[in-house]
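Here are a few notes to read alongside the model. Have it open and follow the numbered points in order.

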Amino acid sequence: MTGAVWLALALTQTACLLWAGALPWPRQKLGYAAPLPTHQRRVLRAGAGVLAGLALWPCLLWRSDSGWPLWIMLLSVCSVLTALGLSLLPYPPRKPPAPPGHRRL
């Protein structure tokens, strides 16, 4: 593979990780319980869209006739790899319940 395809792969994987960071399930798997504010979710998703769009450019430069299918394949593969990697991570340990009569701060 040429350097353009590797660049497209790196941009696509980064876009998938940014998109996953805006979703609730991956954030729970990574130990962040609080939901993101709306503006932060929008920024993460916009960044993922920009990176995915930038990943299309090297694909089209590599081969103009097969750039679109390559880009779609890279998005699919990177999405599956991101989901698989997150599913293999263990959930963070839960705090034990407070004893009766005590309140947790």
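1. How many residues does H1 have, and how far does H1 reach from its first C-alpha to its last? H1 has 19 residues and reaches 27 Å, close to the 27 Å expected at 1.5 Å a residue. That expected span is 1.5 Å times one less than the number of residues. Helices here are DSSP runs (H or I, at least four residues), numbered from the N terminus.

2. A word on the ground rules. This is a predicted model, where local features need pLDDT of at least 70 and side-chain atom pairs count only at pLDDT 80 or more, while totals for chains, interfaces and linings use all residues. Residues are numbered from 1 along each chain as its sequence is written, and side-chain values use heavy atoms, with hydrogens and water left out.

3. Look at the inside of H1 next. Val5, Ala8, Leu11, Thr12, Ala15, Cys16 and Ala20 are buried there (buried is under 20% relative accessible area, exposed over 50%, partly exposed in between, with a 1.4 Å probe and protein chains only). These buried residues pack against H2, H3 and H4.

4. Two of them deserve a click. Thr12 counts as buried at 0% relative accessibility; leaving aside neighbours within four places in sequence, Thr12 is in contact (heavy atoms within 4.5 Å) with Ala55, Leu74, Leu75 and Cys78. Ala15 is buried too, with a relative accessible area of 4%. With neighbours within four places in sequence set aside, Ala15 is in contact with Ala48, Leu51 and Ala52. Ala15 and Gly47 are 32 residues apart in sequence, yet 7.2 Å apart in space, C-alpha to C-alpha.

5. Now for H4. Its buried residues are Gly67, Leu70, Trp71, Leu74, Cys78, Thr82 and Leu86. They cover an arc of only 120° around the axis, which puts them on the same side of H4 (the arc is that of the directions from the helix axis to the C-beta atoms). What covers them includes H1 (3-21), H2 (24-29) and H3 (38-62). On the other side of H4, Val80 and Leu88 are exposed.

6. Finally, a surface feature. Met73, Val77, Leu81, Leu84 and Leu88 make a nonpolar surface patch of about 480 Å². Val77 sits in helix H4 (residues 67-88) and is partly exposed, with a relative accessible area of 37%. Patch members need over 30% relative accessible area and no salt bridge, with like charges joined within 9 Å and nonpolar side chains (Val, Leu, Ile, Met, Phe, Trp, Tyr) within 5 Å. A salt bridge is a side-chain nitrogen of Lys or Arg within 4 Å of a carboxyl oxygen of Asp or Glu.

Key: Areas by Shrake-Rupley, 256 points an atom, 1.4 Å probe, with all protein chains shown as cover. Helix = DSSP H or I, 4+ residues; strand = E, 2+ residues; numbered from the N terminus.
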